[in-house]
Amino acid sequence: MKELEERILKDGRALSPEILKVDSFLNHQLDCTLLKHIGEEFARLFKDEGITRVLTIEASGIAAAVFTGLALDVPVTFAKKSKSLNVGNDVLTSRVFSFTYQKEYTITVSRNYIKPDDTVLIVDDFLANGRACQGLIDLCDQVGARVAGIGICVEKAFQPGGQELREEGYRVESLAKIKAMDEGYIEFE
Ligand code: 5GP
């Protein structure tokens with residue numbers, strides 16, 4: 001998606017060969033016009049998949065997920081990162097290794113908000129090693145919901161998550177795919 005690539009070049013900042021900062025439009029301050037276009041693009045790409053629900057992880061996936069849910073006219077569920085005291089039959093959990101914090105945490109979703117008959121579109125801001133997406137897929141698998149696709153704003157294609165998910169048979173659509181980067185330099189595929 002040209003608009004997102006151009007914005008990354010203008011306002012994104014590669015802090016290292018591994019970490020891209022996009023705080024001014026995607027991760028902290030939100031550019032709602034850009035996010036609206038992102039949501040519409042995911043809706044266009046997945047319009048024939050019969051999506052009934054968008055699923056993401058708090059916090060930074062929520063904005064893109066909301067605009068996608070709006071464009072598809074389906075509910076959005078976000079997995080919570082906090083540990084729930086209420087771990088019973090009504091709650092699904094999975095363990096995820098955080099790329100940004102370099103530690104494992106538990107994600108939680110109520111069984112009320114992913115259903116066995118759901119066809120799910122997973123949406124997230126970044127795809128690096130794929131752990132966040134794998135955790136969300138695990139939650140869907142636990143209830144038997146179908147994962148119809150994965151929509152990613154920024155895929156760092158030099159990290160293995162995208163390739164692994166595609167090899168597992170998931171349809172992964174990334175709106176900007178970074179081939180390589182370093183301080184002051186970003187190259188798209
Ligand atoms: P993964 O689970 O695929 O390894 O990492 C994806 C998650 O880590 C995303 O939800 C995103 O919040 C965070 N993340 C991964 N790489 C970056 C990055 O380069 N910049 C930012 N801002 N977040 C990232």
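This is a predicted model: local features need pLDDT of at least 70, side-chain atom pairs count only at pLDDT 80 or more; totals for chains, interfaces and linings use all residues.
**View 1**

**View 1. Six strands build an open, mixed sheet.**
The strand order is β4-β3-β7-β8-β9-β10. Strands β4 (76–79) and β10 (185–188) stand at the edges. Each has a single partner strand, so one side of each lacks a neighbour in the sheet. From one strand to the next, the twist averages 25°. Strands of a sheet pair through backbone hydrogen bonds, in either a parallel or an antiparallel sense.

Ala180 has Glu187, in β10, as its bridge partner.

**View 2. Strands β5 and β6 form a hairpin.**
Strand β5 takes in residues 91–97, and strand β6 takes in residues 104–110. The two run antiparallel and are joined by seven bridges. Ser94 stands opposite Ile107 in β6. Six residues sit between the strands of this hairpin. Gln102 is found in that loop between β5 and β6. Its phi is positive, at about 55°, although Gln102 is not a glycine.

**View 3. The ligand is surrounded by 17 residues.**
The closest are Leu20, Asp124, Asn129, Gly130 and Lys156. Asn27 places a polar side-chain atom 2.8 Å from a nitrogen atom of the ligand. Asp124 places a polar side-chain atom 2.8 Å from an oxygen atom of the ligand. Gly130 contributes a polar backbone atom, 2.7 Å from an oxygen atom of the ligand. On its own, the ligand has 500 Å² of accessible area, and the protein covers 90% of this.

**View 4. Thr68 is buried in helix α4.**
Helix α4 comprises residues 62–72. Thr68 has a relative accessibility of 0%, so this residue counts as buried. Leaving out residues up to four places away in sequence, Thr68 touches Gly39, Phe42, Val54, Leu121 and Val123.

**View 5. Leu30 is partly exposed in a loop.**
Leu30 sits between α2 (23–27) and α3. Its relative accessible area is 39%. That value puts Leu30 in the partly exposed class. With residues up to four places away in sequence set aside, Leu30 touches Phe25, Leu35 and Ala63. Thr108 is 78 residues from Leu30 in sequence. In space, the two are 25 Å apart, C-alpha to C-alpha.

**View 6. A cis peptide bond joins Glu58 and Ala59.**
Omega for this bond is about 0°. Ala59 lies in the loop between β3 (53–57) and α4.

**View 7. Asp73 is exposed and has a positive phi.**
Asp73 is found in the loop between α4 and β4. Its phi is about 60°, although Asp73 is not a glycine. The relative accessibility of Asp73 is 70%, so this residue counts as exposed.

Definitions and conventions
Residues are numbered from 1 along each chain as its sequence is written. Side-chain values use heavy atoms; hydrogens and water are left out. Two strands pair if DSSP finds at least two bridges between them. Helices (H or I, at least four residues) and strands (E, at least two) are DSSP runs, numbered from the N terminus. Axes are lines fitted to C-alpha atoms, for helices over the stretch in contact, and angles run from 0 to 180 degrees between N-to-C directions. A residue is near a molecule or strand if one of its heavy atoms lies within 4 Å of it. A polar contact is a pair of N or O atoms within 3.5 Å; within protein, one must be able to donate a hydrogen and the other to accept it, and residues adjacent in sequence count only if both atoms are side-chain atoms. Accessible areas come from the Shrake-Rupley method with a 1.4 Å probe; for residues, only the protein chains shown count as cover. Buried means under 20% relative accessible area, exposed over 50%, partly exposed in between (1.4 Å probe, protein chains only). Contact means heavy atoms within 4.5 Å.
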